[in-house]
Amino acid sequence: MSVANREPYLMRLAQRLTTGLTRMEAARRERHQQFIRSKQQRDGGFGGRDGDSDLYYTSFAVRGLAMLGGLTLAECESVGGFLKTYDWRKLGVIDLMNWLYSVLAVQAFGGADLLAEAEPDWPDRIATKLEAVRTKDGGYAKSTEGAAGSTYHSFLVTLTYELLGKLPPNPRSLIQFIYDRQRDDGGFVEIAPMKNSGTNPTAAAVGVLSVIGGIDDELRSDVGDFLKNTWTAEGGFQANTRIPFPDALSTFTGLLTVQDLKIDNLISERAIERLLVEWLEFPTGGFRAASWDSEADVEYTFYGLGCLALLWSAKEAAT
């Protein structure tokens, strides 16, 4: 099934975030750009708080720099050099999506086409790799050893298919898999044995359904009811009802879900911005995960910036 005429979810989101951050003042933008750039390693990739470059943090760095104004040609060249060291044929689901998105971003900002010399049928070859982790329950696992599907990995596979201009085969079974992960509280869980829903698997479930279909008014109501329970007075979303504080990741995915499903009267934009500015954003650049965290990293900087961008893009659309 082809979606060649529709812009992929990740690309639509990137444009939305970029538009939102046009409201950020130049000095503040520069601080966050410099923080992200400070995490670039000699090989051209980006690392986390410790250790060497990897595709996971490189993808967050690329997405962060992109929404802050784009990658320079020098950055395209250095990141592209890092990406060239990987053979996509040997990558797992998470790394494959991060690699492919980063490759397309480098090309979009004027860098080399790193797939120019690949076999002409490389999209079909990647699709074959993705189907190798399809599970009997209709979802997708992290690897071929996985016996049961994961909501998160099913989301990643769906996003990767879209980057290829495709949708997952047999989408009805994937829709059923997603709904089988819904619990009585209206939210969704990551794997079948889990009983307590989480903000992030709920956002992943909604993300899958927004791409392949299956969202209706009942789902909007159910998800709204669940997210009311993970929204906090501090101005953000908890990962689940058992964790007593909000964090940047859950606040980003919760806010994105609320906006995408057009759930009204649930959040306070002012409270979210206060949480970000007073608790999570460092004045020297970067964001931390939550109030208990002591340092910033590239991943949570993306989520912090993303929250601001979602808030500001919504204000822009309302004016």
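Let me start with the aromatic rings, where ring pairs join Tyr56, Tyr57, Phe60, Phe252, Tyr300, Phe302 and Tyr303 into a cluster. Please keep in mind, as we go, that this is a predicted model. In total, the count comes to 13 aromatic pairs. One of them is formed by Phe302 and Tyr303, whose ring centres lie 5.6 Å apart and whose planes stand at 65 degrees, and because planes over 60 degrees apart count as edge-to-face, that is the label this pair receives.

Now let me turn to the largest pocket, which holds about 700 Å³ of space. Its lining is made up of 38 residues, and those lying nearest the centre are Tyr152, Phe155, Leu249, Thr253 and Tyr303, so here we meet Tyr303 again, the residue that also belongs to the ring cluster.

Which helices supply at least two residues each to this lining? They are H1 (9-20), H3 (55-67), H5 (93-108), H7 (151-163), H9 (199-212), H11 (248-260) and H13 (298-318), and of these it is H9 that gives the most, with seven residues.

Finally, if we sort the lining of the largest pocket by class, we find 22 nonpolar residues, eleven polar ones and five charged ones.

Definitions and conventions. Residues numbered from 1 in each chain as written. Predicted model: local features only at pLDDT ≥ 70, side-chain atom pairs only at ≥ 80, totals over all residues. Heavy atoms only, no water. 1 Å grid on protein atoms, 1.4 Å probe; cavity = no way out; pocket = protein on both sides within 12 Å on 5 of 7 lines; lining within 4 Å. Points joined across faces, edges and corners; volume = space filled by probe spheres on them. Helix = DSSP H or I, 4+ residues; strand = E, 2+ residues; numbered from the N terminus. Nonpolar A, V, L, I, M, F, W, Y, C, P; charged D, E, K, R; others polar. Phe/Tyr/Trp six-rings, centres within 6.5 Å; stacked < 30°, edge-to-face > 60°.
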